[in-house]
Amino acid sequence: MEENALLRIEHVKKSFADVEVLSDISLTVNKGEVVSIIGPSGSGKSTLLRCATLLTGMDDGELYYGDMQAVRSVDGRSVYASKEELKKVRQYFGLVFQNFNLFPHYSVMKNITDAPVTVLGHPRVEAQEKAKELLGMFGLSDKADAYPCELSGGQQQRVAIARALALEPKILFFDEPTSALDPELTGEVLSVIRKLASSHMTMVIVTHEMQFAKEVSDRILFMEKGLVLEEGTPDSIFDSDNPRVRDFIGKIG
């Protein structure tokens, strides 16, 4: 495994019923790298993220986080590590969903501190200090006692990012983090992600925000029909000779 690789996905395949959603996809993400995944709806982007974060079982392929192997391939099918090992693997990454997925009956503070206390066993006072620091960083210091229903969509998504960061993951996944937001609120969430990128947080971002992907990414993957059609630097993707890539970027960008 490459020395700096935090994530390695090898030859992942996934079908739902008779529909192949991922066809032999491999991806390596190195420490401090921002990788964006773009492509049309139904291309398999979110399924790839769900397989990488153990939310969806892959049919075949291998998955590594650092020096831990979460999934291996045996006789053409995926075999998962033990429950104990997967518990360790899950502490390696954080995931921010498109629909925030905050607990509606918890305050902002409890949403952020609950997992560090109950999952990682951090002292509550320490978890609260970390939460205050994150809320301050994201311009939400006055919202610690608020409930999700009292926040705008952009504020809820910023809380969701703070909640993911409170677990101190080595790699952070975003699945269309702005798709549930109107354009005005999209900017404030993208600004938070830019801030994380400038602090060299390792991130994998599924997004339809083309200009943002171009600005923030070290590498971009273009997916279609369960395949990585093209992979490269933002400049190489946006200047691609591939007519399908050019057409997609022209329509979305």
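Visitor: How many residues line the largest pocket, and which lie nearest its centre?

Guide: The largest pocket is lined by 22 residues. Nearest its centre lie R90, F93, L95, A115 and L167. Keep in mind that this is a predicted model.

Visitor: Which elements give two or more residues to that lining?

Guide: Look for α2 (83-90), β7 (93-96), α3 (108-118) and α5. Of these, α3 gives the most, with 4 residues.

Visitor: What is the volume of the largest pocket?

Guide: About 650 Å³.

Visitor: And how do the lining residues of the largest pocket divide by class?

Guide: They divide into 12 nonpolar, 6 polar and 4 charged.

Visitor: Now the second largest pocket. How much space lies in it?

Guide: The second largest pocket holds about 160 Å³ of space. Its lining has 15 residues. G39, P40, S41, K45 and E176 are the ones nearest the centre.

Visitor: Which helices each supply at least two residues of the second pocket's lining?

Guide: Helices α1 and α9 (243-252) do. By class, the lining of this second largest pocket has 5 nonpolar, 8 polar and 2 charged residues.

Visitor: Which residues line the largest cavity?

Guide: The lining is made by S46, L49, R50, T53, L55, L95, F97 and D175.

Visitor: Which helix gives the most to the cavity lining?

Guide: Helix α1, residues 45-52, with 3 residues. Helix α1 also supplies at least two residues to the lining of the second largest pocket.

Visitor: Next, helix packing. What describes two packed helices?

Guide: Two values do: the angle between their axes, and the distance between the axes. Take α3 and α5 as a case. They pack at about 25 degrees, with their axes 8 Å apart. Angles under 35 degrees count as roughly parallel, so α3 is roughly parallel to α5.

Visitor: Is the crossing of α3 and α5 left-handed or right-handed?

Guide: The crossing of α3 and α5 is right-handed.

Visitor: Which residues meet where α3 packs on α5?

Guide: From α3 come V108, N111, I112 and P116. From α5 come V159, A162, R163 and A166. The residues of this contact divide into 6 nonpolar, 1 polar and 1 charged.

Visitor: Let us read α5 against α6. At what angle do they pack, and how far apart are their axes?

Guide: Helix α5 (residues 153-166) and helix α6 (residues 183-198) pack at about 20 degrees, with axes 8 Å apart. The two helices are therefore roughly parallel to each other. In passing α6, α5 makes a right-handed crossing.

Visitor: Which residues of α5 and α6 meet?

Guide: On the α5 side, G153, G154, Q155, Q157, R158, I161 and L165. On the α6 side, L185, E188, V189, V192, I193 and L196. By class, the residues of the contact of α5 with α6 are 7 nonpolar, 4 polar and 2 charged.

Note on methods
Residues numbered from 1 in each chain as written. Predicted model: local features only at pLDDT ≥ 70, side-chain atom pairs only at ≥ 80, totals over all residues. Heavy atoms only, no water. 1 Å grid on protein atoms, 1.4 Å probe; cavity = no way out; pocket = protein on both sides within 12 Å on 5 of 7 lines; lining within 4 Å. Axes fitted to C-alpha atoms, helices over the stretch in contact; angles between N-to-C directions. Parallel < 35°, antiparallel > 145°, perpendicular 65-115°, else oblique. Left-handed = near helix turned anticlockwise from the far one by under 90°. Contact = heavy atoms within 4.5 Å. Nonpolar A, V, L, I, M, F, W, Y, C, P; charged D, E, K, R; others polar. Points joined across faces, edges and corners; volume = space filled by probe spheres on them.
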